Amino acid sequence: TSRLHIPTWGTYVTTPCVGRDYASVKLQMKIDGATKKEKVDVKTVILDPQGRTVATDNSIYHANGQDFTQNFLVNTPDLWSPENPALYTARTTLSVDGKVMDSYDTRFGIRSLEYVPEKGFFLNGVPTKFKGVCNHHDLGPLGAAVNRSALRHQIELLKDMGVNAIRTAHNMPAPELVELCDELGMML
């Protein structure tokens, strides 16, 4: 990366308001390497699951050591669920004086999560039961090293069995597992 960049895992997306007609999307990011003299142009384009632009924000960041936030409105969102694992991409570009310094993609699903006392868990306003497994990080005889295709195969087998959620064991899951769960519609 260049001196001016968004660090690895430097973005955080939330969807504060989600409905069938529209959803608000909040993108928070860290921007490293900016100087107080620079005017950093921050452009983010939200791409739908088919790669079409559905929202854009052009902002100016003046280095002050704080996180930077952009807000978007997405009309008629394709809501993420285990049955419809629709993923959007926030493509952020940092530029100074017209020169691109960094580009960073953040994939996310638009969905609402709610726990209602006496009623349970709701995903996108629909009561949803967890049909889950507690899954250790290793892949049986393949061992503990990450094997993306074996993880995909494992998740696909679990989905075929009717599983919609995975509870990970003692340690943080591999980023590859998190990405595949998002792609394949598995709650984690």
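Start with the cysteines: the structure holds zero disulfides, a disulfide being a pair of cysteine sulfur atoms within 2.5 Å. Before you click further, note that this is a predicted model, where local features need pLDDT of at least 70, side-chain atom pairs count only at pLDDT 80 or more, and totals for chains, interfaces and linings use all residues. Residues are numbered from 1 along each chain as its sequence is written, and side-chain values use heavy atoms, with hydrogens and water left out.

Stop 1: Select Cys134. Cys134 is exposed, at 53% relative accessible area. Now pick Cys17, which is partly exposed because its relative accessibility is 34%. (With a 1.4 Å probe and protein chains only, buried is under 20% relative accessible area, exposed over 50%, partly exposed in between.)

**Stop 2: the largest pocket.** Select Arg107, Phe108, Arg111, Val178 and Asp182, which lie nearest the centre of the largest pocket among its 31 lining residues. A pocket here is an open set of points on a 1 Å grid over the protein atoms alone, where a 1.4 Å probe fits, with protein on both sides within 12 Å along at least five of seven lines; lining residues have an atom within 4 Å of a point. Its volume is about 1,100 Å³, meaning the space filled by probe spheres set on the points, with points joined across faces, edges and corners.

Colour by element next: strands S1 (11-18), S7 (99-108), S8 (113-116) and S9 (120-123), plus helix H2 (175-184), each give the lining at least two residues. Those are DSSP runs numbered from the N terminus: helices are H or I with at least four residues, strands E with at least two. The lining has 20 nonpolar, six polar and five charged residues.

**Stop 3: the second largest pocket.** Jump to His137, Asp138, Pro173, Ala174 and Leu177, nearest the centre of a pocket lined by 19 residues. It holds about 220 Å³ of space. Helix H1 (148-160) and strand S12 (165-168) each supply at least two lining residues.

**Stop 4: Asp48.** Is Asp48 buried or exposed? It is buried, with a relative accessible area of 9%. Find it in the loop between strand S3 (39-47) and strand S4 (53-62). A polar atom of the Asp48 side chain lies 2.9 Å from the backbone nitrogen of Gln50. Leaving aside residues up to four places away in sequence, Asp48 touches Val54, Leu87 and Tyr88, where contact means heavy atoms within 4.5 Å.

Terms used: Ala, Val, Leu, Ile, Met, Phe, Trp, Tyr, Cys and Pro count as nonpolar, Asp, Glu, Lys and Arg as charged, and the others, Gly among them, as polar. A polar contact is a pair of N or O atoms within 3.5 Å; within protein, one must be able to donate a hydrogen and the other to accept it, and residues adjacent in sequence count only if both atoms are side-chain atoms.
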